[in-house]
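Here are a few friendly notes to read alongside the model. Take them in order, with the structure open beside you.

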Amino acid sequence: MSQPRKLHIKSYGCQMNVYDAQRMVDTLAGEGFVETASADDADLVILNTCHIREKASEKVYSELGRLRVAKDEAARDGRVMNIVVAGCVAQAEGHEIIRRAPVVDVVVGPQSYHHLPQLLAEAKANGRALETEFPVEDKFGFLAPPSPQAIRARGISSFVTVQEGCDKFCTFCVVPYTRGAEVSRPVAKIVDDVKRLADNGVREITLIGQNVNAYHGEGPDGRPWPLGSLLRHLAKIPGIVRLRYSTSHPRDVDDTLIEAHRDLKELMPFVHLPVQSGSDRVLAAMNRKHTADDYRRVIDRFRDARQDIAFSSDFIVGFPAEREEDFCATLALVRQIGYAGAYSFKYSPRPGTPAADMRETVSAEEMDERLVRLQELIDSQQSAFNRAAIGLTVDVLFERPARNPGQIVGRTAYLQPAHVFASPDIIGEVLPVTIESLERYSLLGTLATPLHMRPASSAHSPMTPLQTTVGA
Ligand code: 5AD
Ligand code: SF4
């Protein structure tokens, strides 16, 4: 038998990219590739790029510079190292990458990962290969069932893509250009994936998509189903004890989703709901299609349905023409909502987006200063939220042995890591934990139920009411 070839993937950016990396590993496993931790001894290196953040393409070129040296060294040792650029930078700048970086063998956009084996063969025959068109008719063709080995490697918690692309066209965002129009997978295919994962020990599923609550996949009745109906259906699959979804757009929160939060104990009361700004003037310039009050009303609907619900969000500071009073409206919104955590970014122009042509830019100093003020506020809310768990008994889904010998780590409903001293037998179960202390972002506690008193099927027991991706 021939030696397995070594594959190294370096992934940047959102959850979608982490998931895509896994898909590429699955696809290439069929070609005899196994993953390796270092690029230097790899036969194939994939840069899985992200285009959302500042200087994304420069970072890719500097990484390619380093890889050129590794590729030359491999050639001196008589080895061939192939280099692939994948992800959103590949999608947006494929031709430019081929022109500027001769070291690259294949450029492949996110819709074409299932063609990677053919593209590598094409590069071998013709020197280079590029595929960044949207083959919409088989956009989800790459989602062939993952191999059993890949499923086992995924552990207790797994992502499942249900939707890709975005039709919202926020003026700062590249996603509608790099990931294309919204497409939803049919319910039956998602159910198949989730059942297979559950059969292999996965207990928690996070449904992902750039605008996941725009989901409208074909249901078993032939009609488009909203995300709430999909979640309701998935909650019935034996073995699945927790469901989550990310990332949502406030405009697409419909009643089925709110009702799912009201009714489904499996649906975790923690929602990532980006708002970007608290100022209506800035929200309009961003083409967010909602006002700050619309957002507050959406939050109220969730809270009315489920009292223990918590939120995280994304914010951009220094969007063109953001004045001090606009920024203060953002701070006021954060104070009013009270977040369990949030990501905040300095605005950075992305070529080809409408905001990149807006003239009234905010100075670097002002952006820095606003970012610090916003992050201080968010950090204080996050710490208060985490401290509030101390003394409570909360449900934890245990995932794996912790770095500290003897400890097992899991997550609360709010994705807080929680550590206990226990036997690894508890991995895969949801158990009540009395939280005793907080160390940075991690909770420490003890199992609230002695092991011999646990109900036989505690992995399926209802959650005790407690306590506490790149996209929409
Ligand atoms: N500049 C700064 N932040 C951005 N994001 C998206 N595009 C930009 C940009 N051009 C942020 C948004 C989004 C998150 C994934 O990244 O807050 O919700
Ligand atoms: Fe779509 Fe989100 Fe980008 Fe807006 S920010 S265009 S909703 S992916």
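1. A residue is called buried here when its relative accessible area is under 20%, exposed when over 50%, and partly exposed in between (1.4 Å probe, protein chains only). Helices (H or I, at least four residues) and strands (E, at least two) are DSSP runs numbered from the N terminus. This is a predicted model, with local features needing pLDDT of at least 70 and side-chain atom pairs counting only at pLDDT 80 or more, while totals for chains, interfaces and linings use all residues. Residues are numbered from 1 along each chain as its sequence is written, and side-chain values use heavy atoms, leaving out hydrogens and water.

2. Let's begin with α11. Its buried residues include Ala-292, Tyr-295, Arg-296 and Phe-302. Among the elements covering the buried residues of α11 are α9 (255-263), β13 and α12, where contact means heavy atoms within 4.5 Å.

3. Next comes α12, residues 324-337. Asp-326, Phe-327, Thr-330, Leu-331, Leu-333, Val-334 and Ile-337 are buried in α12. They lie on the same side of α12 because they cover an arc of only 155 degrees around the axis, taken from the directions from the helix axis to the C-beta atoms. The cover over these buried residues includes α10 (280-285) and α13. Just after α12, Gly-338 has a positive phi of about 75 degrees.

4. Do look at Arg-350, in the loop between β14 (341-346) and α13 (364-387). Arg-350 is buried without a salt bridge (a side-chain nitrogen of Lys or Arg within 4 Å of a carboxyl oxygen of Asp or Glu). A polar atom of the Arg-350 side chain lies 2.9 Å from the backbone oxygen of His-51.

Technical notes. Chains lettered and ligands numbered in written order. Lys, Arg positive; Asp, Glu negative; His and termini not counted. Polar contact = N/O pair within 3.5 Å; in protein donor to acceptor, adjacent residues only side chain to side chain. Expected span 1.5 Å × (residues − 1).
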